[in-house]
Amino acid sequence: GALVLEPRSAHDRLGHSPERRSTAAVRSEQAAGEKRLSLEALPAFESTFKARRVQHRRRKVAAAPRRRIAQRSQRHRGWASPRPRPSARTPMTPTQQLALEAVGRTSLLDLQDLNRLVRTARASFEPGDEAWRLEARRRWGPWIRRGEAPSWRRVLEIGERAGARLSRCSGGVEAALRELGAVGALPAPLAPAQLGATLLAVRASRPAASRALAAYVCGDSLGDRRAAAAATAAVVEALWDLAVPAGPGLDEALRAFLDILPFLPLASGRGANRVIRAVAKRYADDADGWSPDVVYVLIYALIMLQTDLHNPRVRPKISEADFVQSLQRTIVGAARPAAPARELYRAIKARPLGARGGG
C-alpha cells in the first residue's frame with residue numbers, strides 16, 4: 001500500500017509529548033474561559049466603579065467644611081499662605097497701560113503692584129534723586145528731607161522700615177517719627193503745623209494706619225495733660241485747614257474730619273474729648289454766633305444720635321421730636337442763630353458720621 005505522511009503538529013515538531021500537548025490545550029481553553037468571564041463581568045465592574053466614585057465624591061463633599069476649617073487654622077498659625085483675594089479693577093492711566101504692555105502680564109498684576117512698578121521704573125530712568133524725593137514727599141509730607149542719609153532712596157528705605165509699625169498702635173507712629181527724626185529726615189521735634197501735614201500725608205499713603213494716627217493724636221504722646229491739650233488743638237487746627245473744605249454744615253465737616261482722623265470716643269479712648277473740644281473750637285471760629293461750647297454739645301449729641309439710630313441693639317429709636325426737645329433743654333436751645341436740629345437729625349439718619357458721599 002501507499003505510505004501516507006501526515007503533517008506533524010507544532011507540538012510534535014518541537015518535540016512535545018502528547019501529554020504535554022494536551023496540557024497546553026487545557027491551559028489555552030482555561031485562558032479563553034477566563035477571558036469570556038471577564039467580558040461578562042465588565043458591566044458589573046463598571047457599575048461597582050461608578051458606585052465607588054459617587055461614594056468618594058460624597059465623602060469629599062462631606063469633608064470639605066472640615067478641610068476649610070483646617071486650612072483657615074493653618075493660615076492663622078502661619079503654616080500656609082492665605083489665598084490672594086481678587087482686587088477691584090479700576091481704569092488705568094496711559095502710563096500704566098504702557099507698563100502692562102511692556103511686562104505682558106495684564107491678568108496677573110494688581111493695580112497697587114502696577115503703581116509700584118511705574119514709580120520704580122520712573123525713578124530708575126530719570127537722572128538723579130528727583131523721583132525718589134517726590135515719592136518721599138508723597139509718603140511723608142512736605143517736611144521730609146534727606147538729612148544724614150546718602151540719598152533720597154535711602155530715606156525711603158528708612159521710611160518703609162519705620163512705616164511697617166504704623167498700623168500696629170499709636171506707639172508705632174511715635175517710633176516711626178522718632179526714627180526718621182534720628183537721621184534728620186524729619187524735624188525733631190515737629191511743630192503742630194508740620195505734624196499735621198506729615199500725618200495727613202501718612203494717612204493718604206497708608207489708609208490702614210488711620211486708627212493708629214487717631215490713637216496717637218488722642219494719646220499722651222504729645223505731652224502731659226496740659227501740654228497735650230494745646231498740642232492737640234494745634235494739630236487738629238492744622239489738619240482741619242488742610243482737609244476740611246470751607247462752608248459745610250456740622251455733619252459734613254465732621255464726616256470730612258473723621259475720614260482722616262477717626263477720633264470717636266469708643267475707638268480712641270479718653271483723649272478723644274480733647275480732639276472734640278479742639279474740633280468744636282475750630283468749627284466755632286467759622287460759624288456765625290455759635291460758641292465753642294454750643295458746638296461741643298452738638299458734636300456729642302450727633303455722636304449719641306448716631307449710636308441710637310444705627311446700632312441695632314438700641315431699642316426703641318429716638319424720634320425727631322424727642323431729639324429736638326432734648327437739644328432745646330441745653331445751651332443749644334438758647335444759641336443764636338438757632339441750631340438746625342431737624343436737619344441734623346435727618347442727615348444723621350440718612351448717613352452715619354463715618355460715611356461720606358452718597359451712602
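Residues are numbered from 1 along each chain as its sequence is written, and side-chain values use heavy atoms, with hydrogens and water left out. Because the model is predicted, local features need pLDDT of at least 70 and side-chain atom pairs count only at pLDDT 80 or more, whereas totals for chains, interfaces and linings use all residues.

Buried denotes under 20% relative accessible area, exposed over 50%, and partly exposed the range in between, with a 1.4 Å probe and protein chains only. Leaving aside neighbours within four places in sequence, Val279 is in contact (heavy atoms within 4.5 Å) with Val236, Trp240, Leu254, Phe257, Phe263 and Ile299.

Across the whole structure, 4 aromatic pairs are found. Rings of Phe, Tyr and Trp (its six-membered ring) pair if their centres lie within 6.5 Å; planes under 30 degrees apart count as stacked, over 60 as edge-to-face and the rest as tilted. Trp240 counts as buried because its relative accessibility is 4%, and Phe257 counts as buried at 0%. Phe323 and Tyr345 form another tilted pair, at 5.8 Å and 40°; Phe323 lies in helix 16 and Tyr345 in helix 17, 22 residues apart. Both Phe323 and Tyr345 are buried. Trp240, Phe257 and Tyr283 form one aromatic cluster.

The structure holds 14 salt bridges, each a side-chain nitrogen of Lys or Arg within 4 Å of a carboxyl oxygen of Asp or Glu. In helix 6 (residues 130–140), Arg138 and Glu135 lie 3 residues apart, about one turn of the helix, and their side chains meet at 2.7 Å, N to O. Arg138 is partly exposed at 39% relative accessible area, whereas Glu135 is buried at 10%. Glu135 and Arg138 are linked with Arg139, Glu160 and Arg206 in a network of salt bridges. In helix 14 (residues 272–286), Asp286 and Arg282 are separated by about one helical turn because they are 4 residues apart; the closest N and O atoms of their salt bridge are 3.0 Å apart. Arg282 counts as buried, at 14% relative accessibility.

Ala335 is located in the loop between helix 16 (320–328) and helix 17 (341–350). Ala335 counts as buried because its relative accessibility is 7%. Not counting residues up to four places away in sequence, Ala335 touches Trp290 and Val294. The C-alpha atoms of Ala335 and Ser291 are separated by 8.3 Å, although the two residues are 44 apart along the chain.

How values were computed:
Helices (H or I, at least four residues) and strands (E, at least two) are DSSP runs, numbered from the N terminus.
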